[in-house]
Amino acid sequence: MKHHTQHPGWSGLAIAIALALATQGCNDNSSEAPKETVKDNSYYRSLAEGMVARMTHDEQLGMLVGPGYVFANGAFEINSEALNNLKGDVPGSVGYINGVFNAESGLDIAASKMADGAAGVRISPTREGEGGTFHGTAFPVGTLLASTWDRDLVKQVGAAIGNEVKEYGLDVWLAPGMNIQRDPLNGRGFEYFSEDPLVSGVMGAAEVEGAQAQGVGTTIKHFIANNAETSRSIVDNIISPRAIREIYLRGFQYAEEHANPWAVMTAMNKVNGTYTGQWADLNTKVLRDEWGFEGFVVSDWWSGDGHYADMIKSGNDLIEPGGPALPYGYGDALTGLQEAYAAGDLSAEEIKQGATRILTQVLKMPSNQGDVASNAPDLAGHARLSRQAASDGMVLLKNEQGSLPLAQGSKLASFGITQVNTLKGGAGSGDVNAAYTVNLVDGLGQQFSVDAGLADFYRTFFEQNKTSSDFGGISTVVSCPEPALDASEIAAYAASNEAAVITLGRNSMQGQDRANAKGDYLLSDTELALIDEVSAAFHGLGKKVVVVLNTGGVMDTSAWQDKVDAILLAYMPGQEAGHAIADLLSGAVNPSGKLTQTFPASYQDVPSSAGFPGTDTDGDGTIDTHYYNEGIYVGYRYYATFGKGVNYPFGYGLSYTQFDYKNAAIQSNTLPDSNGKVTLTATVYNSGAVAGREVAQVYVAAPAGALSKPAIELKAFAKTRLLAAGASETLSFEIPASWLASFDGATNEWVMEPGAYKVYVVPSSDVTGIAPLTFNLASRLVVGKTTPGALALPAGVTEASFETQY
Ligand code: BGC
């Protein structure tokens with residue numbers, strides 16, 4: 001039996017391939033693992049220890065390395081020769097964990113199947129020789145999910161994705177992506193949740209929890225600091241230990257501690273001189289010894305520089321996809337480990353340890369629990385959830401004089417090629433092979449009377465001018481230029497319609513960063529002219545102009561935001577895009593999303609902009625080193641502390657109603673207990689005319705001390721239920737001491753410094769003019785201790801090596 005599957009997310013290399021994977025060794029012997037799921041980790045751990053003890057040395061080694069790919073007939077194919085005990089393949093899986101079948105020892109461990117991506121499950125939608133389709137539901141991208149600030153909803157999305165993983169016969173979902181949105185030009189920013197580690201951690205934990213409750217594994221990634229796509233497989237990110245701890249690790253730590261992901265995926269890049277997949281400080285000292293992680297660590301695909309034994313020794317247990325690191329020319333991974341063992345550089349204990357960690361999780365997985373793929377997940381139900389998540393996360397940035405919502409049924413002139421070429425998600429391994437995408441013009445058509453002539457013009461232009469490029473066999477990027485309209489045509493549309501909607505689109509992708517250039521971060525001349533001309537014509541007749549942004553991330557708004565009446569940030573909404581956007585424009589859903597990333601006044605204001613995406617230090621034409629000069633001052637921490645005005649602050653988002661905050665109060669404070677916490681309540685009152693939901697946020701300003709402190713940091717948040725006009729809800733917030741502490745690299749401690757702590761319970765990170773609550777801490781409080789010297793800067797690099805010392 002031969003299946004065609006897809007090539008894994010392969011950074012920067014857009015190669016159309018179809019992998020052929022021959023299943024082998026299939027049998028119906030039942031696994032040794034028990035049929036009951038959901039036992040605690042220690043149960044599976046002892047089972048795994050017993051099995052690993054019965055394995056041959058080669059079987060143990062085989063668990064540490066995926067089967068790899070071979071290049072044959074002009075395409076990459078899974079190396080089926082090296083794939084042990086696969087029972088029923090799932091075409092489109094991007095990696096496998098080897099199983100074991102040994103009649104002598106009686107071991108029969110099925111291989112595990114792993115699939116991307118971030119916005120849903122990405123497998124091949126069709127199978128050679130089989131009828132039917134195998135679509136994953138495309139949910140909103142990570143940034144849009146996080147913008148709901150609704151952990152329960154994100155957990156439901158995780159559960160739906162986990163269900164698809166299971167029903168399609170897979171074992172591990174290679175997501176969620178939890179990197180910090182350090183710079184808006186990161187090509188994969190759309191996959192990630194936020195510039196803030198708490199939002200990132202809470203959302204990651206929610207998705208993991210939802211998915212794993214279905215009995216499948218998740219893989220939080222990319223651990224850590226995969227914050228740019230340029231040179232991602234070689235770049236050395238130089239980051240202060242404080243910034244690593246407070247910004248880049250904290251979200252992962254939250255997810256690890258609250259949701260116990262079965263796996264963590266290391267990043268491609270180096271940090272402080274060492275590949276993350278070879279860094280024991282990260283994979284052992286911090287992740288396991290400090291945080292107590294019990295799962296396995298898997299490498300990103302073809303990451304590192306071929307020092308495979310160093311990966312295993314560092315605690316990166318599983319090397320994927322295995323085989324030779326084809327894109328970079330390193331040797332075969334399994335051979336590398338065998339040679340290291342023969343040379344005494346890798347011990348039998350280290351091999352057993354990795355195999356045991358992997359097997360502990362593998363035994364819980366569907367392939368070893370006797371689960372049978374139904375191939376029939378509830379796609380209709382998941383589509384409804386996708387639509388709800390999309391409309392709950394979109395952010396209303398501007399709404400002058402109640403321009404929105406537009407009356408249902410009103411006559412709309414809809415401009416912009418993106419209404420036809422609507423982007424459900426970004427490109428690369430985070431893409432999903434969904435059954436459909438509802439484009440915006442069709443979605444609008446269900447709730448409004450859309451100008452048919454104008455819609456036809458865009459549909460025809462799109463059909464005649466679209467181009468498509470294949471992204472590495474894993475996604476198709478469809479592009480189309482923005483057509484220019486002349487002023488007389490626009491005037492006619494203004495005369496015959498009640499309002500204008502202009503949709504602007506921005507794709508972005510794995511393997512390539514965005515550019516601070518026209519047509520990307522900045523609007524193109526054609527787009528600016530469209531806004532100018534449509535605004536002049538419609539405003540001249542007293543009619544409103546609404547802009548919809550269908551983008552993977554931040555775009556410039558400074559050049560044009562004053563010219564339009566309303567702006568809806570739709571991000572990349574998943575397959576129900578058109579429906580969800582129309583729900584908000586019509587008021588069928590009241591916007592309740594808020595920004596999890598800042599919209600700065602200009603790209604130059606972004607604290608990382610001067611150094612992004614790094615420097616070519618050795619002059620070979622490739623960027624190799626990237627100093628994180630801004631330290632902990634990422635996103636709003638920077639703008640708020642250094643008084644930089646922004647266009648739309650972190651945490652911001654409008655509603656069609658208004659909310660008042662009343663009776664904010666600290667209810668309890670068990671500090672200075674180092675395990676203590678501060679609890680608060682505040683009542684949110686809907687003082688407007690329509691029902692809505694509000695996201696309330698708690699920011700803390702810590703006292704200045706030995707360590708510099710951001711002006712404010714998010715410490716808690718909560719979202720109300722749907723409040724009818726006049727209704728209110730009292731929200732509770734809990735801030736543990738661990739989240740109030742800063743990292744003191746001089747003493748390797750998490751500390752709260754003495755003094756007055758100001759607490760703001762607010763609708764966004766703009767706390768101007770808001771009176772804080774306060775609590776006091778009498779003396780320095782050590783909240784946690786860390787491994788001395790871990791995560792240190794490379795030799796020869798000091799705090800003084802950074803351009804700024806905060
Ligand atoms: C990506 C990962 C992905 C993997 C497998 C890599 O290139 O960085 O996010 O899970 O490929 O497709």
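How many residues does helix α13 have, and how far does the helix reach from its first C-alpha to its last? Helix α13 covers residues 452-465, which makes 14 residues, and reaches 20 Å, close to the 20 Å expected at 1.5 Å a residue. The expected span here is 1.5 Å times one less than the number of residues. Helices (H or I, at least four residues) and strands (E, at least two) are DSSP runs, numbered from the N terminus.

A word on the ground rules before going on. This is a predicted model, where local features need pLDDT of at least 70 and side-chain atom pairs count only at pLDDT 80 or more, while totals for chains, interfaces and linings use all residues. Residues are numbered from 1 along each chain as its sequence is written, and side-chain values use heavy atoms, with hydrogens and water left out.

Back to α13. L454, A455, Y458 and F462 are buried in this helix, where buried means under 20% relative accessible area, exposed means over 50%, and partly exposed is in between (1.4 Å probe, protein chains only). Look down the axis and the buried residues of α13 fall within an arc of 100°, so they line one face of the helix; the arc is that of the directions from the helix axis to the C-beta atoms. E463 and Q464, on the other side of α13, are exposed. The cover over the buried residues includes β17 (411-415), α12 (440-445) and α15 (525-540), with contact meaning heavy atoms within 4.5 Å. At the N-terminal end, D451 caps α13: one of its side-chain oxygens lies 3.1 Å from the backbone nitrogen of G453.

Now for the rings. Rings of Phe, Tyr and Trp (its six-membered ring) pair if their centres lie within 6.5 Å; planes under 30 degrees apart count as stacked, over 60 as edge-to-face and the rest as tilted. By this rule there are 24 aromatic pairs. Take F223 and W291: their ring centres are 6.1 Å apart and their planes are at 65°, so the pair is edge-to-face. This pair links distant parts of the chain, 68 residues apart, with F223 in strand β10 (residues 217-223) and W291 in the loop between α7 (280-290) and β15 (296-298). F223 is buried at a relative accessible area of 0%, and W291 is buried at 10%.

Y636 and Y699 are another case: with centres 5.9 Å apart and planes at 85°, the pair is edge-to-face. Y636 is in helix α17 (residues 636-641) and Y699 in strand β29 (residues 695-701), so the pair ties together parts 63 residues apart in sequence. Both tyrosines belong to one aromatic cluster, formed by W149, Y636, F650, Y699 and F717.

Charges meet rings too. The charged end of R250 sits over the ring of W739, 4.7 Å from its centre, and that of K662 sits over the ring of Y685, 4.2 Å from its centre. The test is NZ of Lys or CZ of Arg within 6 Å of the ring centre and within 35 degrees of the ring normal.

The backbone deserves a look as well. I224 lies in the loop between β10 and β11 (236-238), and S231 is found in the loop between β10 and β11. S231 has a positive phi of about 55° although it is not a glycine.

How values were computed
Polar contact = N/O pair within 3.5 Å; in protein donor to acceptor, adjacent residues only side chain to side chain.
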